[in-house]
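Here are my notes on the model, point by point. Have it open while you read.

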Amino acid sequence: MNISVVENVLKLNDELAAVNRGKLKDHRIYTVNLIGAPGCGKTSLLESTATLLKNKLRLAIIVGDLTTQRDADRMALYCNHVVQVNTGKGCHLEANHVRTAMERLPLKEIDLLIIENVGNLICPVGFDLGQDVKVGMFSAAEGDDKAAKHPYIVQEAGLLLLNKMDLLPYVNFRQEIFRADIHRINPKVDILDISATRGDNMAAWTNWLCARAAKSATQ
Ligand code: MG
Ligand code: ZN
């Protein structure tokens, strides 16, 4: 009984995600579903990303959070098109949240949509939102075992970010173990070592976004 309820919820979600995907494709919007634990630096990454992409890509951001408006308020300083979704007790975004948020965005004026999922490495991975790619985010402050403990995001990610490289001298994070775990789980995925606050590899990240967005604009 329980299993069929879960299956139905996921089936409905997949149907709505397909509608989102079609609409985003019609508008040639490249869409990223950004998934990482609370405190890994998702919002800081997006602040810096929005700054770097100014005059390059027209960016919109959907921010998922349980109850607060804080991330959207932070983002609004850097990006003109920010929609906050409060999920209440929900620990992940679903396609229906994104569908509603998209209604509040001027889709014709957007090249790149980044969806900051609720801080959580587990169930956000299982809910398709209609994105082109999932980007998984870890940080050096979280510990080098996190990729091994959360294999599903590693398996599904089109790119992985390791943030807070500026903290590396102060934390016990063995990069070789983190990288070996990822390579074992998903040999194909690239890992970008970044610091959203210090700027490490932020050009590589924004170039990656620009290349992907340019490609989807011509398809
Ligand atoms: Mg955040
Ligand atoms: Zn959840």
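1. Let's start with a cysteine. At 21% relative accessibility, Cys 123 counts as partly exposed; buried means under 20% relative accessible area, exposed over 50%, and partly exposed in between, with a 1.4 Å probe and protein chains only. Before going on, a word on the ground rules: this is a predicted model, where local features need pLDDT of at least 70 and side-chain atom pairs count only at pLDDT 80 or more, while totals for chains, interfaces and linings use all residues. Residues are numbered from 1 along each chain as its sequence is written, chains are lettered from A and ligands numbered from 1 in the order in which they are written, and side-chain values use heavy atoms, with hydrogens and water left out.

2. What are the protein donors of the zinc ion (ligand 2)? They are Cys 91 through SG, His 92 through ND1 and Cys 123 through SG, lying 1.9 to 2.2 Å from the ion. Along the chain, these donors follow the spacing C-H-x30-C. Donors here are N, O and S atoms within 2.8 Å of the metal (3.2 Å for Na, K and Ca), and water is not among the atoms, so sites may look incomplete. Cys 91 counts as partly exposed because its relative accessibility is 35%, whereas His 92 is buried, with a relative accessible area of 11%.

3. How many disulfides does the count come to? The count is 0, taking a disulfide as a pair of cysteine sulfur atoms within 2.5 Å. Cys 40 is in no disulfide, and the nearest cysteine sulfur, that of Cys 123, is 15 Å away. Is Cys 40 buried or exposed? Its relative accessibility is 0%, so Cys 40 counts as buried.

4. Now the other metal. The magnesium ion (ligand 1) has Thr 43 (OG1), Asp 71 (OD) and Glu 116 (OE) as its protein donors, lying 2.1 to 2.2 Å from it. Their spacing in sequence is T-x27-D-x44-E. Thr 43 lies in helix H2 and Glu 116 in strand S4 (residues 112-116), so this pair ties together parts that are 73 residues apart in sequence. Helices (H or I, at least four residues) and strands (E, at least two) are DSSP runs, numbered from the N terminus. Thr 43 counts as buried at 6% relative accessibility, and Glu 116 does at 2%.

5. Leu 113 is found in S4 and, at 1% relative accessibility, counts as buried.

6. On to the pockets. The largest pocket has a volume of about 260 Å³ and is lined by 16 residues, of which Pro 38, Gly 39, Lys 42, Asp 71 and Glu 116 lie nearest its centre. Asp 71 and Glu 116 are also among the magnesium donors. On a 1 Å grid over the protein atoms alone, a cavity is a set of points where a 1.4 Å probe fits but cannot get out, and a pocket is an open set with protein on both sides within 12 Å along at least five of seven lines; lining residues have an atom within 4 Å of a point. Grid points are joined across faces, edges and corners, and a volume is the space filled by probe spheres set on the points.

7. Which element gives the largest share of the lining of the largest pocket? That is H2, with 3 residues. By class, this lining has 4 nonpolar, 7 polar and 5 charged residues. Ala, Val, Leu, Ile, Met, Phe, Trp, Tyr, Cys and Pro count as nonpolar, Asp, Glu, Lys and Arg as charged, and the others, Gly among them, as polar.

8. The second largest pocket holds about 190 Å³ of space. Its lining includes Ala 50, Leu 53, Tyr 78, Cys 79, His 81 and Glu 109, and by class has 6 nonpolar, 2 polar and 3 charged residues.

9. Last, the aromatics. A search of the whole structure finds 3 aromatic pairs. Rings of Phe, Tyr and Trp (its six-membered ring) pair if their centres lie within 6.5 Å; planes under 30 degrees apart count as stacked, over 60 as edge-to-face and the rest as tilted. Phe 138 and Phe 178 are edge-to-face, at 5.4 Å centre to centre and 80 degrees between the planes. That pair links distant parts of the chain, with Phe 138 in strand S5 (residues 133-139) and Phe 178 in helix H7 (residues 175-185), 40 residues apart. Phe 173 and Phe 178 form a tilted pair, 5.2 Å centre to centre with 55 degrees between the planes. Phe 138, Phe 173 and Phe 178 form one aromatic cluster.
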